[in-house]
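I opened my notebook to record what I looked up in this structure, entry by entry.

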Amino acid sequence: MKALAAIWEDHGWMCGKLLAPLIRSMIEFLAASIKPDYGISEEIRGMLLRVSPAEVDILLKPARKAREIKGISTTEQRA
């Protein structure tokens, strides 16, 4: 999950339909990356290769929720 969230954030917060094929095509580059956030071991690499687009969206749901805008609008409506 941590590696998936780091990849998602670094690649512009893509949806699962775009992110899953991107991960599959770039897995060699991502695994060899010097970026410590990815931390892709052989086990995680296998999981990332098998993940479906729908599963990506499900796994990233908490991260998307954390990025939502919170609070109310501060603009004023006049009659």
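This is a predicted model: local features need pLDDT of at least 70, side-chain atom pairs count only at pLDDT 80 or more; totals for chains, interfaces and linings use all residues.

Entry 1: When I looked for its place in the chain, I found tryptophan 13 in the loop between α1 and α2. Also in this part of the chain, just after α1, I noted that glycine 12 takes a positive phi of about 85 degrees.

Which residues does tryptophan 13 contact, leaving aside its neighbours within four places in sequence? I found Trp8, Arg64 and Arg67. I also looked up the C-alpha to C-alpha distance from tryptophan 13 to alanine 63, and wrote down 9.9 Å in space for two residues that are 50 residues apart in sequence.

**Entry 2: helix α1.** I then turned to α1, which covers residues 2-10, and listed its buried residues as Ala3, Leu4, Ala5, Ala6, Ile7 and Trp8. Looking for what covers these buried residues of α1, I found that the cover includes α2, α3, α4 (53-59) and α5 (61-66).

**Entry 3: the nonpolar core.** I looked up the largest nonpolar core and found 17 residues in it, of which Leu4, Ile7, Leu19, Ile23, Leu48, Val56 and Leu60 touch the most other members. I saw that α1 and α2 each supply at least two residues of this core, and that the largest share, six residues, comes from α2.

**Entry 4: two helices side by side.** I reminded myself that two packed helices are described by the angle between their axes and the distance between the axes. At what angle do helix α2 and helix α3 pack? For α2 (residues 16-32) and α3 (residues 42-50) I wrote down about 155 degrees, with the axes 8 Å apart. Angles over 145 degrees count as roughly antiparallel, and α2 and α3 are therefore roughly antiparallel to each other. The crossing of α2 and α3 is left-handed, and I listed the contact as Ile23, Arg24, Ile27 and Glu28 from α2 with Arg45, Leu48 and Leu49 from α3. Sorting the residues of this contact, I found four nonpolar, three charged and no polar ones.

Definitions and conventions:
Residues are numbered from 1 along each chain as its sequence is written. Side-chain values use heavy atoms; hydrogens and water are left out. Axes are lines fitted to C-alpha atoms, for helices over the stretch in contact, and angles run from 0 to 180 degrees between N-to-C directions. Helices (H or I, at least four residues) and strands (E, at least two) are DSSP runs, numbered from the N terminus. Angles under 35 degrees count as roughly parallel, over 145 as roughly antiparallel, 65 to 115 as roughly perpendicular and the rest as oblique. A crossing is left-handed if the near helix is turned anticlockwise from the far one by less than a right angle, and right-handed if clockwise. Contact means heavy atoms within 4.5 Å. Ala, Val, Leu, Ile, Met, Phe, Trp, Tyr, Cys and Pro count as nonpolar, Asp, Glu, Lys and Arg as charged, and the others, Gly among them, as polar. A nonpolar core is a set of buried Ala, Val, Leu, Ile, Met, Phe, Trp, Tyr and Cys residues joined through side-chain atoms within 4.5 Å. Buried means under 20% relative accessible area, exposed over 50%, partly exposed in between (1.4 Å probe, protein chains only).
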